[in-house]
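Morning, everyone. Let's get the model up on the screen, and then I'll walk you through a few packing details.

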Amino acid sequence: MEMKKILHIGLLFLFLVPTIAQAQCRSHAKRQCLPALAPYIHSGQLTTATMFEGDEAEVILTFNGGQEYRILMCAEEMLGDVEFRILDMDRNVLYKNREDENDETLERMFDFKVGATQQFIIQIEVPKAEDKMHDIEIMGCISLMVGFKSETSAQGEE
Amino acid sequence: MSRTLHLLLSGIALFGLWSCSGEESSDTLDATNPTNDTLSVEVLDRITKTQKIFYSIPSPIEMATLLKKTGARYDYTYLNDPVSSDAFNTTTKQALNLGIYGADLSYTSIYNESGESILYMKATRTLADKLNVSAAIDDRLAERIEQNIEIQDSMITLISEVYWNLDGYLKEGDRNYISALMVAGGWTEGLYLTTRLLDQSPQSPEVRTHLAEQKQALKNLVSLLEQYESEKNIAVTLSDMRSLDTIFDQVEVNLQASTPIKDPETGVTDFGGSNEIVMTDEVLNQIRVKTEEIRGRMIQQN
């Protein structure tokens, strides 16, 4: 009986959770991440995903010559110290937000400019949770946001 | 019991991830976990789907910024007629033209043409309404836009917010292919405006370079659209983009990388670099003609 109840609740969530999760991730990105991108202008593309502990992801992004950019990696606290690295297309590491294992201060943004349009690989790594009291996987929202600087770079509304 | 609960929660989480990530994608995404061989199918599936949410196609506002940087002068005759917005009656045309008007709105705003920006914002709202995403530009946001219409930097931020909302609402409504069409429309209009700049300066190296450098963005756009190949509404646009891609394949863009230098004062790292462009006048003309043809089909009323 109890098992049936769990299954019913579970199935209910199965249909409700995706929509809620999507909206939650967008809301998290808007409240917690977008403000940190200023004065750079967000591209407007929604780049938010749910990731699990231990997950790794890699994305290749194109940056336009003559532009200045900010990459902001913004993760929900429950995911822990999420690392991100920027590599060139030959896989040379150009930037990492954790210098070594003892580095406790993780930067979450990186500002740079490119003289010519080129692609970079962005790697994201969610740490595996340690000392867990349960076997439920931790998941949370991650946003990888790119902002660019225009000549007049936005300073706010009137 | 515990195992059942765990499986159930994993199922819920995975389903959530699938929906959250949607199906939008780019060809530039690749699984990288060094231990891929040992990863379960479930984890690999997650990684792949997480990666699919990111696509690298310049937004209309960035395209407009880049156009202005070439030194081009403003010309409203290049733009799609905002009065036509009410005449698009199919979802495909509405989505494509939502992107096109978004690009035109970005163009007028970057050049601080507030009178025309109002018209393009109105056209954008009309199509958002038709596509049932009017919440993306609600009255409050519309009011902020009206109040800031003459303040260029605020307008750029607000347009970015409009684009973000539209993208978000379409994805949350599980209408990812409409979002992809909107992106395709916006990018095509940006490319079309770039080709029109050649009327002003036929040999401008900045314009030619900007045009050639769209080669990669086009590849990403084709990959994004291919995710929805089964949608009949995508077919014409995908076919158009593929034929344009075939022409762009004749363009060579060779990156000459340089050593990164970090400015200790600003903290900004300069990666420098330059691109050597190989593109004949004939290829350039083919791109121009094909772009005009595709854009013409997109803005043609039903």
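Start at Phe120 of chain A. Phe120(A) is buried, at a relative accessible area of 2%. Keep in mind that this is a predicted model.

Now the strand around that part of the chain. Strand S8 of chain A covers residues 118–125. Seven of its eight residues are buried, so S8(A) is largely enclosed by the rest of the structure.

Who are its partners? Strand S3 of chain A, residues 56–63, pairs with S8(A) in the antiparallel sense, over eight bridges. In that pairing, look at Ala57(A): it stands opposite Ile124(A). Strand S5 of chain A, residues 83–87, also runs antiparallel to S8(A), joined by five bridges. There, Leu87(A) faces Ile121(A) as its opposite number.

Next, the rings. Over all chains, the search finds 15 aromatic pairs. One of them is Phe110(A) with Phe112(A): stacked, 5.5 Å centre to centre, 20° between the planes. Phe112(A) then meets Phe120(A), with ring centres 5.8 Å apart. Their planes are at 65°, and the cut-off for edge-to-face is over 60, so this pair is edge-to-face.

Buried or exposed, those two partners of ours, Phe110(A) and Phe112(A)? Phe110(A) is buried at 7% relative accessible area. Phe112(A) is buried too, at 0%.

Last item: charges over rings. The charged end of Arg26(A) sits over the Tyr169(B) ring, 4.5 Å from its centre. Within chain B, Lys68(B) puts its charged end over the ring of Tyr111(B), at 5.5 Å from the centre.

Terms used. Residues numbered from 1 in each chain as written. Chains lettered and ligands numbered in written order. Predicted model: local features only at pLDDT ≥ 70, side-chain atom pairs only at ≥ 80, totals over all residues. Heavy atoms only, no water. Buried < 20%, exposed > 50% of the residue type's maximum accessible area, 1.4 Å probe, protein only. Helix = DSSP H or I, 4+ residues; strand = E, 2+ residues; numbered from the N terminus. Pairing = 2+ DSSP bridges. Phe/Tyr/Trp six-rings, centres within 6.5 Å; stacked < 30°, edge-to-face > 60°. Lys NZ or Arg CZ within 6 Å of the ring centre and 35° of its normal.
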